[in-house]
Amino acid sequence: MSGPSQMEPELKELREADLPSMLLLEEACFSEAWTRGMLAGSLRGAGAITFGLWVKERLIGCLLARVVLDEAELQSISVHPGFQGQGLGGRLLDRLLADCGRQGVARIFLEVNKSNQAALGLYAARGFRQLKVLPDYYGAEGDGLLMACELRAGRRDQGA
Ligand SMILES: CC(C)(COP(=O)(O)OP(=O)(O)OC[C@H]1O[C@@H](n2cnc3c(N)ncnc32)[C@H](O)[C@@H]1OP(=O)(O)O)[C@@H](O)C(=O)NCCC(=O)NCCS
């Protein structure tokens, strides 16, 4: 019998109506989860790039980013623990890189916990480089790293 993790998740843009699903995923993925209000804010306004991975009606992955002029910030990326390590985080990030490339974004910034090996591996594999250490950025959870990915012209035509 095939379990839910063996189904190919569908990638779709997120909308206001998806907030309850986003909150559930957030709480499953982060010890310091964003509130509903923070998630709602990330969906609104100019430059928001938001999409999720769905298995049937269940949200199992999410990416939130914002473009301002020719720069973007990756605000959050998450894959439900039961679906991690299957390339889905990579799929979300590849889609962001492709969308940013199409929009002419020059670089994407992000902050990440220095001890988050899974995220660091994912970002490094997609060309993100460390810019600086952010001491105590996550309070008791440790230092952060500011990272950036420079988008080359050749990347702009890649599909998701
Ligand atoms: C970070 C996260 C999104 C990665 O998602 P994922 O679907 O498990 O990642 P993928 O399966 O696409 O892996 C992509 C790459 O990440 C790296 N990676 C993934 N899990 C890893 C781990 N446990 N240790 C080290 N590297 C890892 C590998 O380089 C991998 O490349 P490979 O496929 O060539 O081995 C996921 O672990 C997650 O949601 N974590 C909790 C939330 C979080 O910390 N988000 C990031 C901060 S905003």
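This is a predicted model: local features need pLDDT of at least 70, side-chain atom pairs count only at pLDDT 80 or more; totals for chains, interfaces and linings use all residues.
Student: How many helices and strands does the protein have, and what pattern do they follow along the sequence?

Tutor: There are 4 helices and 7 strands in the protein, and read along the sequence they follow the pattern β-α-α-β-β-β-α-β-α-β-β.

Student: What does the radius of gyration say about the protein?

Tutor: The idea is to set the value beside that of a compact globule with an equal number of residues, which for 160 residues would be near 15 Å; the protein has 15 Å, so the two agree. The C-alpha atoms fill a box of roughly 45 × 40 × 30 Å along the principal axes, and 26% of the 160 residues count as buried.

Student: How do strands β1, β2 and β3 pair?

Tutor: In a regular strand the side chains alternate between the two faces of the sheet. Here β1 (residues 10-13) runs antiparallel to β2 (residues 48-55), joined by 4 bridges, with E13 opposite F51 in β2. Strand β2 is in turn joined by 8 bridges to the antiparallel β3 (residues 58-68), where A48 stands opposite R66. β2 and β3 form a hairpin with 2 residues between them, and K56 in the turn has a positive phi of about 55°.

Student: Which residues and elements surround the ligand?

Tutor: The shell holds 21 residues, of which Q84, G89, G90, G121 and L122 are the closest. Two or more residues each come from β4 (71-79), α3 (88-102) and α4 (117-125), and α4 gives the largest share, 6 residues.

How values were computed
Residues are numbered from 1 along each chain as its sequence is written. A residue is near a molecule or strand if its C-beta atom, placed from the backbone, lies within 6 Å of it. Two strands pair if DSSP finds at least two bridges between them. The radius of gyration is taken over C-alpha atoms; the globule rule is 2.2 Å times the number of residues to the power 0.38. A residue is buried if 20 or more other C-beta atoms lie within 10 Å of its own, exposed if 12 or fewer, and partly exposed in between; C-beta atoms are placed from the backbone.
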